[in-house]
Amino acid sequence: QVQLVVSGGGFVQPGGSLRLSCVAPGSIFSMYARAWYRQAPGVQRELVAVNYSGGTTNYADSVKGRFTITSDNAKKTVYLQMNSLKPEDTAVYYCKGNTIRAGAYWGQGTQVTVSS
């Protein structure tokens, strides 16, 4: 039942910004891939951003230029910086990390609501 610890969600007005954080417990070794997903009511889960060790980063077309995924290996933390937020970004956001030896880990999800 080990989970990544997610924080940073909340309510924000259109055009505003939020930063989500995802921290790996000490028992989890270094992740070679990190990703953020989101799911809105009635919509299938969407891959928002993914970062691989070595520098490769990919984003969904809907968030390119607005969202940035970064990581701090020393803190075992992954971030999703979200700027110029739109109502369409409203969803529950999940983080995921992959390790070679132990497979994938997920966070519990955090609600992001963009509304005036």
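How many salt bridges does a search of the whole structure find? The search finds four. The structure is a predicted model, and its protein chain has zero helices and 11 strands.

**Overall form**

- Read along the sequence, the protein chain follows the pattern β-β-β-β-β-β-β-β-β-β-β.
- The radius of gyration of the protein chain is 14 Å, which agrees with the value near 13 Å that a compact globule of 116 residues would have.
- Taken along the principal axes, the C-alpha atoms fill a box of roughly 45 × 30 × 25 Å.
- Of the 116 residues of the protein chain, 40% count as buried.

**Nonpolar core**

- In soluble globular proteins, nonpolar side chains tend to be buried together.
- In this model, the largest nonpolar core holds 26 residues.
- Within this core, W36, F67, L80, M82 and Y93 touch the most other members.
- Strands β3, β5 (46-52), β7, β8, β9 and β11 (110-114) each supply at least two residues of this core.

**Disulfide**

- A disulfide is a covalent bond between the sulfur atoms of two cysteines.
- One disulfide is found in the whole structure, and C22 and C95 form it, with their sulfur atoms 2.0 Å apart.
- C22 belongs to strand β3 (residues 18-23) and C95 to strand β9 (residues 91-99), so the bond ties together parts that are 73 residues apart in sequence.
- The torsion about the S-S bond of C22 and C95 is about 60°, and the disulfide is therefore right-handed.
- Both C22 and C95 are buried.

**Salt bridges**

- D89 forms a salt bridge with R38, and the closest N and O atoms of this pair are 2.9 Å apart.
- This pair links distant parts of the chain, since D89 lies in the loop between β8 (77-82) and β9 while R38 lies in strand β4, 51 residues apart.
- D89 also meets R66 in a salt bridge, at 2.8 Å from N to O.
- R66 lies in the loop between β6 (57-59) and β7 (67-72) and D89 in the loop between β8 and β9, so this pair ties together parts that are 23 residues apart in sequence.
- D89 and R38 are both buried, and R66 is buried as well.
- Salt bridges that share partners join R38, E46, R66 and D89 into one network.
- The side chains of D61 and K64 also meet in a salt bridge, at 3.1 Å from N to O.
- D61 has a relative accessible area of 64%, which is over 50%, so D61 counts as exposed.

**Aromatic contacts**

- The count of aromatic pairs comes to one.
- Y37 and W106 form this pair, with 5.1 Å from centre to centre and 40° between the planes, and the pair is tilted.
- The pair links distant parts of the chain: Y37 is in strand β4 (residues 33-39) and W106 in strand β10 (residues 103-106), 69 residues apart.
- Is Y37 buried or exposed? Y37 counts as buried because its relative accessibility is 14%, which is under 20%.
- W106 is partly exposed, with a relative accessible area of 26%.
- R45 lies over the face of Y37, at 5.2 Å from the ring centre.

Methods:
Residues are numbered from 1 along each chain as its sequence is written. This is a predicted model: local features need pLDDT of at least 70, side-chain atom pairs count only at pLDDT 80 or more; totals for chains, interfaces and linings use all residues. Side-chain values use heavy atoms; hydrogens and water are left out. A disulfide is a pair of cysteine sulfur atoms within 2.5 Å. Helices (H or I, at least four residues) and strands (E, at least two) are DSSP runs, numbered from the N terminus. Buried means under 20% relative accessible area, exposed over 50%, partly exposed in between (1.4 Å probe, protein chains only). Rings of Phe, Tyr and Trp (its six-membered ring) pair if their centres lie within 6.5 Å; planes under 30 degrees apart count as stacked, over 60 as edge-to-face and the rest as tilted. A charge sits over a ring if NZ of Lys or CZ of Arg is within 6 Å of the ring centre and within 35 degrees of the ring normal. A nonpolar core is a set of buried Ala, Val, Leu, Ile, Met, Phe, Trp, Tyr and Cys residues joined through side-chain atoms within 4.5 Å. The radius of gyration is taken over C-alpha atoms; the globule rule is 2.2 Å times the number of residues to the power 0.38.
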